[in-house]
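Please report on this protein model. Cover its overall build, its helix packing and a few individual residues.

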Amino acid sequence: MKKAILIYASKHHGNTYKLAKAISEKYEIAMIDATKESIVDLQEYEVIGFASGIDFGKFYEEIENFAEANLPIKKEVFLLYTCAMERKGFTNSIREIALKKDAIILGEYGCKGYNTYGPWKVIGGMNKKHPTEVEVKSAVEFFDKIYGL
């Protein structure tokens, strides 16, 4: 089995952390919180995941900065995210960073997450029960496919 690691940032309600933790627990792969660590040697890992909530249409700045600073050349990369509303393009900027380092993008998985940003806070938020158990299971199944199991 290839050696894998998952770098995540899950700031508000732990939405993205739920996906990352489920994958990490099943495969016993390392996790790094990019909001707490900024420089890590990833050379020993063959598969590197970046997981983030979506902020203004893209991955958190900590994840993008982490990838810029630490992603080695020619690694296999996968992307996970949680968002308030599903739209295309959330992974564009992180993909661009990875592709500049000749990464092989294995795939991406995204789902809704509980959101209380801005006006949603007043009404108690949106997507209150997300990610659901099914969405978390789907994230693990996504990883099963790209990890070769």
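S24 touches I29 and M31, leaving out residues up to four places away in sequence. This serine is found in helix 1, which spans residues 15–27. S24 is buried, because its relative accessible area is 12% and buried means under 20%. The model is a predicted one.

The next residue along, E25, also lies in helix 1. E25 is exposed, with a relative accessible area of 51%. The cut-off for exposed is over 50%. E25 and V140 are 115 residues apart in sequence. In space, their C-alpha atoms are 9.9 Å apart.

**Overall build**

The chain has 4 helices and 6 strands. From the N terminus on, the order of elements is β-α-β-β-β-α-β-α-β-α. Of its 149 residues, 49% count as buried. The accessible surface of the chain comes to about 8,000 Å². Carbon and sulfur atoms account for 50% of that surface.

Confidence comes next. The mean pLDDT of the chain is 87. A value of 70 or more is reached by 85% of the residues. Over residues 122–127, however, the pLDDT is below 50. Beyond near neighbours in sequence, this stretch has 18 contacts in the model.

**Strand 1 and Y8**

Y8 is found in strand 1, residues 4–9. Is Y8 buried or exposed? Its relative accessible area is 12%, so Y8 is buried. Leaving aside neighbours within four places in sequence, Y8 is in contact with Y17, A20, M31, I32, D33, A34, T35, A51 and I63. M31 is also touched by S24 of helix 1. Y8 and Y60 are 52 residues apart in sequence, yet 9.4 Å apart in space, C-alpha to C-alpha.

**Helix 2 against helix 3**

Helix 2 covers residues 61–70, and helix 3 covers residues 92–100. The two pack at an angle of about 5°, with their axes 9 Å apart. That angle makes helix 2 roughly parallel to helix 3, because angles under 35 degrees count as roughly parallel.

Which residues make the contact? Helix 2 contributes I63, E64, A67 and E68. Helix 3 contributes S93, I94, I97 and K100. By type, the residues of this contact divide into 4 nonpolar, 1 polar and 3 charged. I63 of helix 2 is also one of the residues in contact with Y8.

Most residues other than glycine have a negative phi. F56 has a positive phi although it is not a glycine. K74 likewise has a positive phi without being a glycine. F56 lies in the loop between strand 3 (47–55) and strand 4 (58–59). K74 lies in the loop between helix 2 and strand 5 (76–83). F56 is exposed, and K74 counts as exposed. Their values are set out below.

| Residue | Phi | Relative accessible area |
|---|---|---|
| F56 | about 50° | 72% |
| K74 | about 60° | 59% |

How values were computed: Residues are numbered from 1 along each chain as its sequence is written. This is a predicted model: local features need pLDDT of at least 70, side-chain atom pairs count only at pLDDT 80 or more; totals for chains, interfaces and linings use all residues. Side-chain values use heavy atoms; hydrogens and water are left out. Axes are lines fitted to C-alpha atoms, for helices over the stretch in contact, and angles run from 0 to 180 degrees between N-to-C directions. Angles under 35 degrees count as roughly parallel, over 145 as roughly antiparallel, 65 to 115 as roughly perpendicular and the rest as oblique. Contact means heavy atoms within 4.5 Å. Ala, Val, Leu, Ile, Met, Phe, Trp, Tyr, Cys and Pro count as nonpolar, Asp, Glu, Lys and Arg as charged, and the others, Gly among them, as polar. Buried means under 20% relative accessible area, exposed over 50%, partly exposed in between (1.4 Å probe, protein chains only). Accessible areas come from the Shrake-Rupley method with a 1.4 Å probe; for residues, only the protein chains shown count as cover. pLDDT is the predictor's confidence in each residue, from 0 to 100.
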